[in-house]
There are 2 protein chains.
Amino acid sequence: MAEPSGTARDPEAVSRFVEHFAAQLVEAGLPRMPARVFGALLASDTGVLTSAELGERLRISPAAVSGAVRYLAQQHMVSREREPGSRRERYRVHGDQWYEALTNREAVIRRWEDALREGVTSLGADSPAGRRLAETLAFFEFMEKEFRALMARWRAEREERFGRR
Amino acid sequence: MAEPSGTARDPEAVSRFVEHFAAQLVEAGLPRMPARVFGALLASDTGVLTSAELGERLRISPAAVSGAVRYLAQQHMVSREREPGSRRERYRVHGDQWYEALTNREAVIRRWEDALREGVTSLGADSPAGRRLAETLAFFEFMEKEFRALMARWRAEREERFGRR
DNA sequence: CGCTTGGTTCACAAATTTGTGAAGTTAAGG
DNA sequence: CCTTAACTTCACAAATTTGTGAACCAAGCG
């Protein structure tokens with residue numbers, strides 16, 4: 001009932017991919033369960049799964065699902081949708097949304113910048129250390145600016161190659 | 001003896017910056033000790049400190065220093081230098097090196113791409129899930145390519161603003 | 001050659017994180 | 001209203017990670 005029966009795929013193969021991909025995400029710093037849940041969503045045909053489906057596919061408790069999706073939603077890697085007229089909650093990976101979230105660490109970078117600015121003033125802009133911090137700060141500011149342009153270019157290329165969503 | 005006495009700074013203020021900045025890095029996924037060590041190096045005037053100096057400033061054991069610098073060196077965030085004719089080991093943050101390492105997750109991305117490619121074949125390039133994975137893969141390939149150009153632009157801007165190293 | 005200083009490795013205790021079962025909460029459906 | 005389905009929250013046990021002291025190693029120096 002989970003997938004439109006159009007494409008019957010080997011669940012073994014799907015699971016192998018999910019676990020392998022999740023392992024890479026874990027290595028990159030994502031907690032284990034969120035990584036697996038994210039992998040399962042990515043590998044689902046519709047890109048939407050309910051909590052129950054996630055728990056079943058990954059063989060984890062409802063509590064684990066709950067924790068994982070809360071984390072992912074906070075990171076903007078999935079969106080939750082309350083299907084009206086039903087108690088089922090559904091989670092979705094948007095084609096765009098998710099990788100923006102992964103790379104877009106905007107908020108994180110912003111806090112680094114704040115800390116660096118604080119450092120420059122408190123160590124003195126004229127001290128050698130102050131200069132090093134200032135340069136680092138300039139780098140992040142540069143990246144922040146350039147990144148917007150880069151994402152815009154991607155959207156253009158994407159639309160051209162995959163069509164609009 | 002640690003710093004050239006030219007700029008006498010408030011060690012309190014330095015420590016505050018180090019801890020605050022380290023906290024941000026930790027939040028971004030870096031382990032605690034490496035983050036603190038990195039902060040201490042960033043905030044030092046020369047950008048070079050010995051193990052002993054690091055241990056003293058951060059109030060941590062030699063073992064902790066050893067572990068932290070091993071980690072940082074592996075991530076290419078610091079380089080270790082064996083000062084010839086002395087047993088002292090010195091650790092350095094290069095102006096460039098370090099932020100390239102932080103952003104440049106090249107190896108990580110490469111492994112994501114591999115996992116995604118595997119997924120596309122095993123789920124079928126024509127299935128909806130396969131198409132989603134393919135699009136994700138295309139995104140990372142795009143980023144990888146663009147990122148090189150972006151770094152080149154940064155080096156140019158940097159040289160202009162801060163002079164060559 | 002030994003002594004001594006600077007670092008590394010190892011085993012372990014402490015702290016943190018993870019995932020679970022069980023109890024609690026909310027709202028649909030009779 | 002009362003029942004029940006679908007989560008969520010909580011307390012706790014298990015596993016993992018962290019940082020330390022202690023033993024160990026390597027290289028200058030006398």
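Which side chain has an N or O atom 3.0 Å from a phosphate oxygen of DNA strand D? In this predicted model, the residue is A:Ser66. Such a polar contact is a pair of N or O atoms within 3.5 Å; within protein, one must be able to donate a hydrogen and the other to accept it, and residues adjacent in sequence count only if both atoms are side-chain atoms.

A polar side-chain atom of B:Arg32 is 3.3 Å from a phosphate oxygen of DNA strand D, while an N or O atom in the side chain of A:Arg87 lies 3.0 Å from a sugar or linking oxygen.

In total, 18 residues surround DNA strand D, and among the closest are A:Arg80, A:Glu89 and B:Met33. Here a residue is near the strand if one of its heavy atoms lies within 4 Å of it. Of the atoms of DNA strand D within 4 Å of the protein, 73% belong to sugar and phosphate.

Residues are numbered from 1 along each chain as written, and chains are lettered from A in the order in which they are written. Local features need pLDDT of at least 70, side-chain atom pairs count only at pLDDT 80 or more, totals for chains, interfaces and linings use all residues, and side-chain values use heavy atoms, without hydrogens and water.
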